[in-house]
Amino acid sequence: MIGPAVPTPVGRDVLEAVESVSVEVGSGDTQSGFEIVFRLSRRSPLHTLFLLTGGATIPIVRVVIVATIRGQAEVLIDGVMTHHEVRDGAGEPTLVIKGKDLSVVMDWFEFDGFPYPAMPPVLRALVVLAKYAAFGVIPVTVPSIIEDLPIPVESIPRHQGTDYGYLKMLARDAGYVFYLDPGPVPGTSRAYWGPEIRVGAPQSALTLDLDTPHRNVETLSFSFDKERKEMPVVWIQEQYSKLAIPIPIPDVTPLNPPLGVVPPLPPKLKFLNDSAKYKPWVALLRGISYAANHSDSSFGQGTLDVVRYGRVLRSRSLVGVRGAGEAFDGLYYVSSVTHSIKRGGYKQSFTLARNGLLSTLPKVPT
């Protein structure tokens, strides 16, 4: 689906000209991106699209990519075009369109100084996201366990920079992440502002080293790197003596439970020296966020055929692994996924992560 502001389904001639589609989706607060390659004949309607998007006639060209697997529509990305070029090699010329998710629209204009009197961070995030309702953006915000409610007679928070930068700053201060998740229907996106959650129902298991009819991954390799693990130490300033007290922060929380039975001991401590200038609860939340982002030590990389797998593997959620051996079987967090679609084939490459070895479950859902 392509169109100015409101995308519409493309015609058959445009769809038939598609040579390949690539979509990259990470985890945390990373932006998703896409690339579409079209064959460009002399009479192709894509020439008109290229000319319109090259000028100021259409400031926003929105692109929605939807894959239908076994009758189930999966929105892979909802974004805007940011770059396009025509490549004319020895064969037929091609038009390459690149873009990012709708968060790039939030990064265009700065709104420095806009006041948010007596508003906690979660309410400020809702106010910022409200202006993007016309793009189908649905806010999904989670209040912090400890809200920092500013008192107007003492201070009034003000907007800093672009909306995207300000939302990420608010999320970082609360130990949260901010990202856009496309769907659940084409033309809508969920703007998630909250903690990175590693709980919930896992996706269908990735299976290897079994009989050929049951294996659903093409390649899958694992590594263990305990040097990646760090334990942060925040400094809390005592109110009366002004003494800075170091507090180590563990990486296990109710929203980030251990996925491995044997996590390695952190080989090094990371002192967050700037945490003393914050309020104690803000410093603790920053430490929790840092610990969660530096807790993984077991990693997996692989590829799969989506038709054989039977569904689209989604990033930012759990998935089970079986057939890899006792050390690496169990649940993992899908930290990134790359969709590669060509005529006659749909492949995905992915990366997995968790905090230790050995499964916490006797079996994983298939």
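A residue counts as buried when its relative accessible area is under 20%. Arg316, at 11% relative accessibility, is therefore buried. The model is predicted.

**Helix 3 and helix 4**

- Helix 3 spans residues 121–130 and helix 4 spans residues 163–173; their axes lie 10 Å apart and the packing angle is about 160°.
- Helix 3 is therefore roughly antiparallel to helix 4, since an angle over 145 degrees counts as such.
- The crossing of helix 3 past helix 4 is left-handed.
- On the helix 3 side, the residues in the contact are Pro121, Arg124, Ala125, Val128 and Leu129. On the helix 4 side, they are Asp163, Tyr166, Leu167 and Leu170.
- Sorted by class, this contact between helix 3 and helix 4 holds seven nonpolar residues, two charged residues and no polar ones.
- Helix 4 has these buried residues: Asp163, Tyr164, Tyr166, Leu167, Met169, Leu170 and Ala171.
- Packing partners of the buried residues of helix 4 are helix 3, strand 8 (177–182) and strand 9 (189–194).
- Gly175, which follows helix 4, has a positive phi near 75°.

**Backbone features in loops**

- Pro184 is placed in the loop that connects strand 8 with strand 9. The peptide bond leading from Gly183 into Pro184 is cis, and its omega is near 15°.
- Arg70 sits in the loop between strand 4 (61–69) and strand 5 (72–87). Its phi is positive, about 55°, although Arg70 is not a glycine.
- With a relative accessible area of 70%, Arg70 is exposed, because the value is over 50%.
- Arg316 belongs to the loop between helix 6 (306–309) and strand 17. Arg316 is not a glycine, yet it has a positive phi of about 65°.
- Arg70 is exposed, whereas Arg316 is buried.

**Gln203 in strand 10**

- Gln203 is part of strand 10, which covers residues 203–207.
- The relative accessibility of Gln203 is 5%, so this residue counts as buried.
- A polar contact of 2.7 Å links the side chain of Gln203 to the side chain of Ser317.
- Beyond its neighbours within four places in sequence, Gln203 is in contact with residues including Tyr309, Arg311, Val312, Leu313 and Arg314. Ser317, Leu318, Val319 and Gly320 are also among them, as are Val334 and Pro365.
- Gln203 and Asn256 are 53 residues apart along the chain, and 17 Å separates their C-alpha atoms.

**Arg322 in strand 17**

- Arg322 lies in strand 17, which covers residues 318–322.
- Arg322 has a relative accessibility of 28% and is classed as partly exposed, because the value falls between the 20% and 50% limits.
- The side chains of Arg322 and Thr207 form a polar contact at 2.9 Å.
- Between the C-alpha atoms of Arg322 and Val364 the distance is 7.4 Å, with 42 residues separating the two in sequence.

**Glu230 between strands 11 and 12**

- Glu230 occupies the loop between strand 11 (219–224) and strand 12 (231–237).
- Its relative accessibility is 15%, so Glu230 counts as buried.
- The side chain of Glu230 is in polar contact with that of Tyr290, at 2.6 Å.
- Apart from neighbours within four places in sequence, the residues in contact with Glu230 are Pro266, Lys268, Lys270, Tyr290 and His294.

**Thr94 in strand 6**

- Thr94 is located in strand 6, residues 94–101.
- Thr94 has a relative accessible area of 12% and is therefore buried.
- With neighbours within four places in sequence left aside, Thr94 is in contact with Glu19, Val37, Phe38, Arg39, Leu40, Glu85, Val86 and Arg87.

Methods: Residues numbered from 1 in each chain as written. Predicted model: local features only at pLDDT ≥ 70, side-chain atom pairs only at ≥ 80, totals over all residues. Heavy atoms only, no water. Helix = DSSP H or I, 4+ residues; strand = E, 2+ residues; numbered from the N terminus. Buried < 20%, exposed > 50% of the residue type's maximum accessible area, 1.4 Å probe, protein only. Contact = heavy atoms within 4.5 Å. Axes fitted to C-alpha atoms, helices over the stretch in contact; angles between N-to-C directions. Parallel < 35°, antiparallel > 145°, perpendicular 65-115°, else oblique. Left-handed = near helix turned anticlockwise from the far one by under 90°. Nonpolar A, V, L, I, M, F, W, Y, C, P; charged D, E, K, R; others polar. Polar contact = N/O pair within 3.5 Å; in protein donor to acceptor, adjacent residues only side chain to side chain.
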